[in-house]
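Student: Could you show me how to read the features of a protein model, one step at a time?

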Amino acid sequence: MIDKETLINRFISYVTIDTESDPNSDTTPSTEKQWDLARKLKNELELMGMTEVTIDENAYVMATLPSNVPHEVPVIGFISHFDTTPDFTGANVQPQIIRDYDGQDIVLNADKNIILSPEYFEDLKQYKGQTIITTDGTTLLGADDKAGITEIMEAMQYLIAHPEIKHGKIRVGFTPDEEIGRGAHKFDVEKFGAQWAYTMDGSQIGELEYENFNAAGAIVSIEGKIVHPGYAKGKMVNSMYIATDYINSLPRLETPEHTSDREGFFHLYRLDGGVDNTKLEYIIRDHDKGHFEARKAMMVQLADELNEQFEKELVTVEIKDQYFNMREKVEPVMHIVDIAEEAMKELGITPLIKPIRGGTDGSQLSFMGLPCPNIFAGGHNFHGRYEYVPVESMMKAVEVIVKIAEITARQ
Ligand SMILES: [Zn+2]
């Protein structure tokens with residue numbers, strides 16, 4: 001049904017364009033080079049015959065596939081991001097295509113002895129016999145999320161070539177800067193004009209997600225008092241000791257390395273300290289809104305207790321909410337998840353519905369008025385040299401998009 005070689009070529013033409021985003025930049029897109037792919041996508045959408053193709057001043061690309069049925073069908077959308085993470089280089093990607101994968105070690109780079117092994121990455125085993133695209137071991141691949149973009153483009157191309165498949169109006173949207181948490185920031189939900197949408201930004205085949213963390217960042221600042229150590233008795237206040245007390249007062253097992261599924265955590269990801277001043281940087285994550293609020297309150301209360309103990313305002317906590325669990329926005333329109341699940345089942349794909357231990361553009365979009373569950377794009381081991389994507393999973397994702405369009409028009 002979907003032409004495999006066309007899909008592979010399209011994917012490779014996208015991943016070989018460097019689109020790394022930059023959290024230290026204030027512009028949108030955060031890097032000039034993201035325009036390269038944004039403009040290419042706009043051109044391709046036009047050539048394909050999509051309508052209302054636009055690219056705005058922040059590089060957001062949107063397009064329409066018009067309805068081909070006379071009756072009213074809700075407008076739906078599909079969204080992906082074209083930037084890649086700044087965690088690992090995305091420059092000079094040299095994809096390798098492994099056909100008819102034999103289930104053994106894949107040598108990514110013989111010179112540097114970099115091996116993608118099913119012994120370590122067990123998910124690989126399920127793709128024996130399939131075509132796998134990997135890196136050359138020196139860059140990331142960028143399947144996150146150029147796999148998603150490829151799938152949406154291929155699905156639109158397919159629907160245009162097969163007018164016998166009935167569908168309503170479909171909107172597609174490609175965004176910059178998702179990897180630095182800003183993919184949805186300048187997304188014009190009103191202009192997009194869909195009743196709901198799906199991000200094609202999940203990992204392995206079958207993934208379907210509509211729950212994510214509630215997220216906040218906290219900065220704990222601790223003031224000390226520096227005095228000559230020889231004459232410090234009763235005078236010196238060593239902020240690092242207070243910081244240690246603070247750290248140890250938070251539940252030690254509620255950290256990323258001790259939690260899974262729906263368990264939340266406090267994550268201390270940076271510590272900068274001297275006698276005079278210590279700064280602790282945390283992220284707080286929890287699927288449950290009540291627990292999330294309790295975690296934030298606990299961090300403030302701990303500071304209060306230490307301040308009481310020292311009878312001084314030594315510890316201050318600054319907490320900023322980052323994003324919220326989209327579940328509360330999706331549950332009232334649960335049929336949008338049901339449609340995706342139904343599409344997978346009709347295609348013989350086992351849906352893997354689980355809470356995301358992170359956030360997505362979809363969570364922000366859901367709170368901006370566009371309910372937006374997340375669907376698999378097929379890749380594995382995102383954000384590093386071991387990233388890979390089975391082509392067959394990408395082909396299935398294309399079919400899921402087509403099927404969702406079909407089912408939506410059926411209702
Ligand atoms: Zn992504």
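Tutor: Let's start with domains, whose bounds come from an automatic or database domain assignment. Here the assignment gives domain 1 (4–211 + 325–410) and domain 2 (215–323). This is a predicted model: local features need pLDDT of at least 70, side-chain atom pairs count only at pLDDT 80 or more, and totals for chains, interfaces and linings use all residues. Residues are numbered from 1 along each chain as its sequence is written.

Student: How many residues does the contact take from domain 1 and from domain 2?

Tutor: Two residues are in contact if their C-beta atoms, placed from the backbone, lie within 7 Å. The contact takes 6 residues from domain 1 and 6 residues from domain 2.

Student: Which residues does UniProt list for "active site"?

Tutor: UniProt positions are given in the numbering used here, with shortened feature names, and annotations may be inferred rather than shown by experiment. The unreviewed UniProt entry lists Asp83 and Glu178. They are spread over 96 residues of sequence, yet they cluster in space, with a largest C-alpha distance of 6.7 Å.

Student: Is aspartate 83 buried or exposed?

Tutor: A residue is buried if 20 or more other C-beta atoms lie within 10 Å of its own, exposed if 12 or fewer, and partly exposed in between. Aspartate 83 is buried because 30 other C-beta atoms lie within 10 Å. Glutamate 178 is buried too, with 27 other C-beta atoms within 10 Å.

Student: What does glutamate 178 touch?

Tutor: Leaving out residues up to four places away in sequence, glutamate 178 touches His81, Asp83, Asp145, Gly183 and Asp361.
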